[in-house]
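Let me put the model up and walk you through a few spots in it.

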Amino acid sequence: MSYTVSRLADVLADSVSWLSVRTAAAVPGPDWVSCADLIAEQQAGGDPTYSWRAAAAADYARDYSIEPPVQVAAMFTLMWYVQVPSLVAGVTSAVTGMSPDVSPSSLAFKRHPLAHYPAEVALLSDEVVPLPTAAAQLKDHTKAFLDGYEPGVKLGSLQRFGAVDDEVRAAIRLPDEAPYAEDAAAAFEVSLEDKLRTSCCYFYVLPNVTACSTCPRFR
């Protein structure tokens with residue numbers, strides 16, 4: 001079966017209830033974040049995710065009545081960013097064996113105004129790519145972001161790159177029917193048998209918060 005990017009957008013939206021997906025010829029508006037522009041700003045020495053992290057940290061400070069450790073907002077912002085290409089590639093590949101282009105120039109997103117995670121995604125390219133290409137694009141995209149991500153606290157390589165594995169593994173598991181799940185897992189080099197995450201969100205450091213059941217601290 002042949003697929004268009006529009007059809008893959010529908011597959012993604014049908015599989016992820018909280019995500020709005022559209023196709024577009026360009027970044028849809030001023031409230032949207034271009035993945036390519038964000039990475040370019042990081043590579044030029046800027047910190048384009050600062051306000052994003054600050055908004056999340058302010059919420060944690062209000063909700064938990066403490067000055068939250070820097071690593072909490074830093075890690076959530078990292079996970080939220082890499083989730084964008086991971087969801088697009090992981091979900092569509094698991095269902096169809098194909099993916100939209102997930103290189104930085106082909107994706108944009110809009111954050112939820114209150115919860116801060118990317119709640120809307122725009123697919124900017126009309127190219128549909130096979131699994132090996134999607135895996136290479138995801139690797140290159142996330143590495144470009146992670147190599148330039150400087151959130152003011154040390155995050156080791158296992159945390160950084162483990163988050164990509166965690167997000168794409170979760171994405172492959174999301175669809176109710178995923179005939180290509182095993183093929184996708186092999187292409188993205190993740191195991192669907194893993195029960196625990198590789199990376200940690202650090203949410204457990206906030207007052208009266210219990211570590212989630214998939215926390216790598218339980219290894």
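So, His 116 sits in the loop between strand 4 (107-111) and strand 5 (118-123); helices (H or I, at least four residues) and strands (E, at least two) are DSSP runs, numbered from the N terminus. Bookkeeping: this is a predicted model, where local features need pLDDT of at least 70, side-chain atom pairs count only at pLDDT 80 or more, and totals for chains, interfaces and linings use all residues. Residues are numbered from 1 along each chain as its sequence is written, and side-chain values use heavy atoms, with hydrogens and water left out.

Is His 116 buried or exposed? Buried, because its relative accessibility is 10% (buried is under 20% relative accessible area, exposed over 50%, partly exposed in between, with a 1.4 Å probe and protein chains only). Leaving aside neighbours within four places in sequence, His 116 has contacts (heavy atoms within 4.5 Å) with Trp 52, Ala 55, Ala 56, Asp 59, Trp 80 and Arg 111.

Now the helices. Helix 3 (residues 50-64) packs on helix 4 (residues 70-96) at about 125°, axes 9 Å apart; axes are lines fitted to C-alpha atoms over the stretch in contact, and angles run from 0 to 180 degrees between N-to-C directions. Helix 3 brings Trp 52, Arg 53, Ala 56, Ala 57 and Tyr 60 to that contact, and helix 4 brings residues including Phe 76, Thr 77 and Trp 80.

Last, the loop between helix 3 and helix 4 holds Ser 65. Ser 65 isn't a glycine, yet has a positive phi of about 55°. Most residues other than glycine have a negative phi. With 67% relative accessibility, Ser 65 counts as exposed.
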